[in-house]
Amino acid sequence: MKTKFIAFLAVIVMTGCASQPDYRQASNGGFGYTESKLSETQYRVHFKGRGSDKSKAMDYAMYRSAELTLLKGYDWFVVTDRETMVDKERVQTSPQVGFSQRYARVTECGVITCRTSYHPTTLFESGIFVGGSQKSEIESILNIEMGKGTRPTSATSFDAREISNNLKPDTES
């Protein structure tokens, strides 16, 4: 019964993690957006995501730049520098046969407090390994300069309201 309960909790935790939207504020160097103030009108906007979709990462960085521009009371921004990096890691696992011992963490909560305990579990593993998996992270970094009034005519200047309307992410995914 405890094993079923632990498996149920693991599914709930994994579902909760998987349901986070791609576009969100990053915390502790995790996935999402951050920005750094360089001067009164200049910022560095950084978006880090899972996968290797360069256009999606760039769209999120551009959207955050537009959001930030509007939040600071400006009308437009110019991208003065940009960089996109994809970090791919191939994860190989080898076939395993045998027993392993792991510890299951169980947290039981009452009305006032919670108690966490660890229980040893023995697992028999066997199988044939075919292939591997690939984990990718992508980062898009933009340096922007914000302004008011008439927007510059350069190809790297953008109307913040227009970008905000056109690139608004689906926060339900």
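**A tour of the salt bridges and their surroundings**

Select glutamate 35, which is partly exposed with a relative accessible area of 30% (buried means under 20%, exposed over 50%, partly exposed in between, with a 1.4 Å probe and protein chains only). The model is predicted, so local features need pLDDT of at least 70 and side-chain atom pairs count only at pLDDT 80 or more, while totals for chains, interfaces and linings use all residues. Residues are numbered from 1 along each chain as its sequence is written, and side-chain values use heavy atoms, leaving out hydrogens and water.

Next, select arginine 64, which forms a salt bridge with glutamate 35, the closest N and O atoms being 2.9 Å apart (a side-chain nitrogen of Lys or Arg within 4 Å of a carboxyl oxygen of Asp or Glu). Arginine 64 lies in helix H2 (residues 54-71) and glutamate 35 in strand S1, so the pair ties together parts 29 residues apart in sequence (helices are DSSP runs of H or I, at least four residues, and strands are runs of E, at least two, numbered from the N terminus). Arginine 64 is buried, at 8%.

Move to strand S1 (residues 32-37), which pairs with strand S2 (residues 42-50) in the antiparallel sense over 6 bridges (pairing requires at least two bridges found by DSSP). Here tyrosine 33 stands opposite phenylalanine 47 in S2.

Finally, select serine 164 in helix H3 (residues 160-166); serine 164 counts as buried at 15% relative accessibility.
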